[in-house]
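Please examine the model that follows before reading on. The paragraphs below go through it region by region.

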Amino acid sequence: MKIMTLNVLLGGEDRFEALRTIISAERPDLLVLQECVGWEDGVRLRAVAEVMGVPADGKHTILGRANARSSGRRYNVCVVSRAPILRQRVHTPPTLAHCIVEAELAWPDADEPLLLLATHLVHSDEDSRLTEVGELLALAPPELLATRPCVLAGDLNALDRDDPYPTDLDHRLTAAGMHKYGHPPRFEAMDRLHTAGWIDALRTRPRSHRWVTAQRNRGTAPVDTRTDYILLSPPLAPRLAGAEVIDVGSASDHHALVAELSWGDHPLT
């Protein structure tokens, strides 16, 4: 079972076919996409499902209609699942900049459905992200994570202190004009998720040394960051076979992240 998350950058624009090629090559079983701007008509979501070989219907796709930004744009979150979607709900309280897609998936050889939370946390500041993390933990509190197979995937716009950041990270962020992480950089959003029980797939079983999903070349110093995550609950983590960053070139300003879980030999359709 392969899980993939990717921020497609403003709906993909004229890069959409390149994005489809990347998705087709990876052939994930569960795909989470962020910044699906302008996808409300369902055309691009159906096109993504097509290259995955997945039915483009409500049992396999979700278009998470996000709260509108001040520009009127909606940074939607989309999900495509090879396994049937048993239940879905899109959460858009005013405390969220975008949305949280909550879904239960009928994975084979499982005692109960897989709970998926797919989201794109706010870019503005750590305090606002902490409020959004509170919404995530209300949907999947520690006592639930301890007993159920759960996945949290998406662009969390947050730094993890376990990633190999240089000692001069604050200087690099300042030189690049990047202030959304704070000065000095703050890590509380990811800290709170880990404390609740969420386990980082990439840090747990990396398949390569690559860890950067968002490199920014602004100002005088390049800044390597990771804001894209696939997190697993403790009951699901033992199934993790490996995780890695997939270079998407110029198809987006984020690289993709994939994690593979061992789920026996059962087909997912």
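Leaving aside its neighbours within four places in sequence, which residues is L30 in contact with? The model in which this is to be examined is a predicted one. L30 has its place in strand β2, and its relative accessible area of 0% makes it a buried residue. Apart from neighbours within four places in sequence, L30 is in contact with M1, K2, I3 and M4, with V79, V80 and S81, and with L105, W107 and L116.

Helix α1 may be taken next. This helix comprises residues 16–26, and its buried residues are F16, L19, R20, I22, I23 and E26. Viewed down the axis of α1, these buried residues fall within an arc of 160°, so they line one face of the helix. The face turned away from the buried side carries T21 and A25, which are exposed. The elements against which the buried residues of α1 pack are the strands β1 (2–7), β2 (30–34), β13 (240–246) and β14 (256–261), together with helix α2 (43–52).

A47 is found in helix α2 and counts as buried, at 13% relative accessibility. Once neighbours within four places in sequence are set aside, A47 is in contact with F16 and R20, and both F16 and R20 are among the buried residues of α1. A47 and R20 are 27 residues apart along the chain, and their C-alpha atoms are separated by 7.9 Å.

The loops on either side of α1 deserve attention for their backbone geometry. Most residues other than glycine have a negative phi. L10, which lies in the loop between β1 and α1, has a positive phi of about 55° although it is not a glycine. With a relative accessible area of 24%, L10 is partly exposed. Just after α1 comes R27, where phi is again positive, at about 45°. R27 is found in the loop between α1 and β2 and is partly exposed, with a relative accessible area of 46%.

Which residues of the largest nonpolar core touch the most other members? Of its 43 residues, they are V151 and I230. Beyond neighbours within four places in sequence, V151 is in contact with I3, with L114, L115, L116 and L117, with W198, and with I230, L231, L232 and L236.

Just after the helix, G197 takes a positive phi of about 125°. Most peptide bonds are trans. The bond from H183 to P184, however, is cis, with omega near -5°. P184 lies in the loop between α5 (169–175) and α6.

How much space lies within it? The volume is about 320 Å³. The pocket is lined by 21 residues, of which H123, N157, K180, R216 and H254 are the closest to its centre. Strand β10 (residues 214–218) contributes three residues, the largest share of the lining. By residue class, the lining divides into five nonpolar, nine polar and seven charged residues.

Definitions and conventions: Residues numbered from 1 in each chain as written. Predicted model: local features only at pLDDT ≥ 70, side-chain atom pairs only at ≥ 80, totals over all residues. Heavy atoms only, no water. Buried < 20%, exposed > 50% of the residue type's maximum accessible area, 1.4 Å probe, protein only. Helix = DSSP H or I, 4+ residues; strand = E, 2+ residues; numbered from the N terminus. Arc of directions from axis to C-beta. Contact = heavy atoms within 4.5 Å. 1 Å grid on protein atoms, 1.4 Å probe; cavity = no way out; pocket = protein on both sides within 12 Å on 5 of 7 lines; lining within 4 Å. Points joined across faces, edges and corners; volume = space filled by probe spheres on them. Nonpolar A, V, L, I, M, F, W, Y, C, P; charged D, E, K, R; others polar. Core = buried A, V, L, I, M, F, W, Y, C linked by side-chain atoms within 4.5 Å.
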